[in-house]
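Visitor: I am new to this structure. Could you show it to me and take my questions as they come?
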Amino acid sequence: MFATTANASQLIDRNATGINLEINAKGEALITYRASGKVKHVLAWGAVNAIAPTRARPQIAFKLDYAGGWGKYHTDYWKTFTGSCGAYDGPALAWSVKTCQAGDGSYWSLQAWQRMLPNYGVAATPAQSVWELRLSHWTGALPVLTISTDWAWHQWDHLFGTFTYDGSPVFGFKSTPGGNPLDTFGRNVYVDTFDSSYGTGWHRENSFLTHTGTGVFCYSFNPHGAHPAGKGAKYRATVEGPGVTPDVMWQGVTPGTYDKTTDLAANDEITQLGDKTCRAN
């Protein structure tokens with residue numbers, strides 16, 4: 001029972017509990033957990049890090065065997081799997097559930113977060129509120145999500161920034177009109193707002209693609225249709241890592257009361273990003 005997808009720190013399952021991760025000397029990972037009332041064993045292998053966006057080939061992806069190795073070895077491989085989870089000594093990870101260092105020095109991680117929440121603080125259905133369990137495998141530095149804050153049109157809180165990996169921008173080439181990636185490279189930035197007009201605590205504000213060619217993005221917390229402005233006391237943004245690298249998260253506070261000098265400096269930063277879609281205002 002194989003599954004191969006190429007959609008970032010790879011989705012393993014939803015609403016998993018009792019999660020365990022082991023790595024063996026062959027570069028395989030065994031994920032054991034409970035979901036939908038069953039204990040599951042998933043074998044993963046065959047991918048590390050990510051490649052820069054290209055039209056020539058798909059992004060890197062794991063091979064996944066949801067039969068615990070039966071599909072690969074035609075035995076109950078999970079029963080004899082010999083692995084361990086070495087102590088993690090890398091940079092801190094957001095949404096971490098289990099992170100290991102393998103014998104070859106590479107890192108494996110399981111993260112879980114609510115990617116599917118609806119925009120503008122709308123109450124989530126059970127399908128939208130699931131916690132996605134995601135697997136990554138990498139060496140070296142993490143993807144870099146850089147975000148700054150200022151004001152749009154001198155009044156609305158505004159985020160702008162870049163998403164890069166290994167010195168290159170992260171972006172896709174095709175997407176739906178609604179902003180869903182149609183290739184294995186596109187990435188959405190998922191923004192949450194805290195203690196806003198949507199209520200206390202964290203609520204999903206919106207999600208949007210990094211821009212093709214630049215990895216740049218920008219977003220204004222103005223009213224959207226019948227939805228009020230989602231201005232909060234603080235903000236966070238999560239994005240799936242390219243290839244099979246980890247998902248990363250940024251968190252920061254509101255820019256506060258409008259200040260012309262600060263805004264002009266931020267406008268200069270936006271201009272220097274060189275992205276025609278994100279213009280200083």
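Visitor: What joins strand 13 to strand 14?
Guide: A hairpin of two residues links strand 13 to strand 14. Strands here are DSSP runs (E, at least two residues), numbered from the N terminus. The model is predicted, so local features need pLDDT of at least 70 and side-chain atom pairs count only at pLDDT 80 or more, while totals for chains, interfaces and linings use all residues. Residues are numbered from 1 along each chain as its sequence is written, and side-chain values use heavy atoms, with hydrogens and water left out.

Visitor: And how many bridges are there between those two?
Guide: Strand 13 pairs with strand 14 (residues 199-209) in the antiparallel sense over eight bridges; pairing requires at least two bridges found by DSSP. Within strand 14, arginine 204 stands opposite aspartate 192.

Visitor: Which residue in strand 16 is the bridge partner of phenylalanine 194?
Guide: That partner is lysine 234. Strand 16 (residues 234-239) runs antiparallel to strand 13, with six bridges between them.

Visitor: Is strand 13 mostly covered or mostly uncovered?
Guide: Strand 13 (residues 188-196) is mostly covered, with seven of its nine residues buried. Buried means under 20% relative accessible area, exposed over 50%, and partly exposed in between (1.4 Å probe, protein chains only).

Visitor: New topic: where is glutamate 28?
Guide: Glutamate 28 lies in the loop between strand 3 (17-23) and strand 4 (29-35). Its relative accessible area is 1%, so glutamate 28 counts as buried.

Methods. Helix = DSSP H or I, 4+ residues; strand = E, 2+ residues; numbered from the N terminus.
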